[in-house]
Amino acid sequence: PELAPPRVIRELPDELISQIAAGEVVERPASVVRELVDNALDAGAKNVLVKLMAGGVRAIVVEDDGCGIPVTQLPLALKRHATSKIASLGELESVATMGFRGEALAAIASVSEMSVASRTADAAHAHRLDARSGELSAAARSRGTSVEVRELFFATPARRKFLKTDATELAHCVEAVRRHALARPDVGFAIWHEGKLVDQWRAASVEQRISDVLGEDFVHDSRAFEHSAGPLGVIRPPGQANVLAAPRGGQGNLGRPGISLTGRAGLPEASRSRADQQYVWVNGRYVRDKLISHAIRSAYEDVLHGQRQPSYVLFIEIAPELVDVNVHPTKIEVRFRDGRAIHQAVRRAFIDALAQSRSAEVAGGEA
Ligand code: ADP
Ligand code: MG
């Protein structure tokens, strides 16, 4: 059989490279919301406002009161692989910010009509940069950043076809903000859709925020736990301090060794038919992790039967060197240096929380 002649190898144009990369980062409006809120939190925002039109497909606007972007840096912010968050491999290994890949804004810009308006504390006024035209203009806003994303996937109809109804896309957007809101009770969040307020959470304590976001029933039907373990046997190069991630939103564990687990374990009686109330964060980042869900599942082994699903929130704080967050473009997956130790600690935290709730019941019954 005759071989086909080799085809010509070409370097792809920049725009196409970004659009291909965007496929990994931007799946739907909720992915945009997640990336933009990540950026707002990385900028030290105390208030984050999310405004949506048509489930986020028509428009997504995220406004924050963070540090802002200096006007001279605005064009760089939209460039692929441009970031203010890391500068070296060493910094990647101990990264404490949500972002570090320098991809999100470039990716979003390549599949939408995007503009960024920003103002730093010392600027006389804000500036807006239009991603497509590159046009820079004066704008009005207080310190912070507003990113506006319109007509998502307008140029990539194949992607657009995969979008669900506006109501479904809206629900995913709201869920993305809930995940942030649970991890950062110290920050105020508001979500608007078509000019109507959908949800709003004012800065609060961890407990209060959990109740505000997941409902009083969840709090009533769950038990709080606090568990720490470690050190995890890391051998550090001499001279390197044994410091953990800076405290984030009240769940910090500065000065404590190894790993700290806090959260709430849902009582078996309040189990659900769907796994829709299972939240895990690692150093403030919402993750899905088979190892962790397995550990939790095993803690419920004797008390939950069949397909019943436990509800829980679990905040894991661990030295950033002990977890690799650069596994997946959306960073929803992480890899632990010592998976076994994590598994054990998580399982123990949940077993203890559930055992305590049972002994409390017995004590309550005797009284
Ligand atoms: P990354 O977050 O991985 O650095 P992004 O593409 O999301 O990449 O953002 C690029 C850069 O733009 C960030 O590193 C940051 O310097 C700046 N930036 C983006 N959003 C904001 C914001 N809301 N406030 C301040 N700076 C921002
Ligand atoms: Mg980012």
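Student: Which residues are buried in helix α8?

Tutor: In this predicted model, the buried residues of α8, which spans residues 206-214, are Val206, Arg209, Ile210, Asp212 and Val213.

Student: How are they placed around the axis of α8?

Tutor: They lie on the same side of α8, because the arc they cover around the axis is only 165°. As background, an α-helix has 3.6 residues a turn, so residues three or four places apart point the same way.

Student: What do the buried residues of α8 pack against?

Tutor: Their partners are the helices α7 and α9 (216-220) and the strands β8 (196-201), β10 (259-266) and β13 (312-318).

Student: And what follows α8?

Tutor: Gly215 follows, with a positive phi near 100°.

Student: Turning to α7, at what angle does it cross α2?

Tutor: The axes of α2 (residues 29-42) and α7 (residues 166-183) cross at roughly 25° and come within 8 Å. The two helices are therefore roughly parallel, and the crossing is right-handed.

Student: Which residues meet there?

Tutor: From α2, Pro29, Ala30, Val33, Arg34, Val37 and Leu41 meet Glu169, His172, Cys173, Glu175, Ala176, Val177 and His180 of α7. By class, this contact has eight nonpolar, three charged and two polar residues.

Student: New topic: is Val149 buried or exposed?

Tutor: Val149, in strand β6 (residues 144-150), is buried, because 29 other C-beta atoms lie within 10 Å, where 20 or more are required.

Student: Which residues does Val149 touch?

Tutor: Leaving aside residues up to four places away in sequence, Val149 touches Val32, Ala59, Ile60, Ile108, Ser112 and Met114. Val57 is 92 residues from Val149 in sequence, with a C-alpha to C-alpha separation of 8.9 Å.

How values were computed: Residues numbered from 1 in each chain as written. Chains lettered and ligands numbered in written order. Predicted model: local features only at pLDDT ≥ 70, side-chain atom pairs only at ≥ 80, totals over all residues. Axes fitted to C-alpha atoms, helices over the stretch in contact; angles between N-to-C directions. Helix = DSSP H or I, 4+ residues; strand = E, 2+ residues; numbered from the N terminus. Parallel < 35°, antiparallel > 145°, perpendicular 65-115°, else oblique. Left-handed = near helix turned anticlockwise from the far one by under 90°. Contact = placed C-beta atoms within 7 Å. Nonpolar A, V, L, I, M, F, W, Y, C, P; charged D, E, K, R; others polar. Buried ≥ 20, exposed ≤ 12 C-beta atoms within 10 Å, placed from the backbone. Arc of directions from axis to C-beta.
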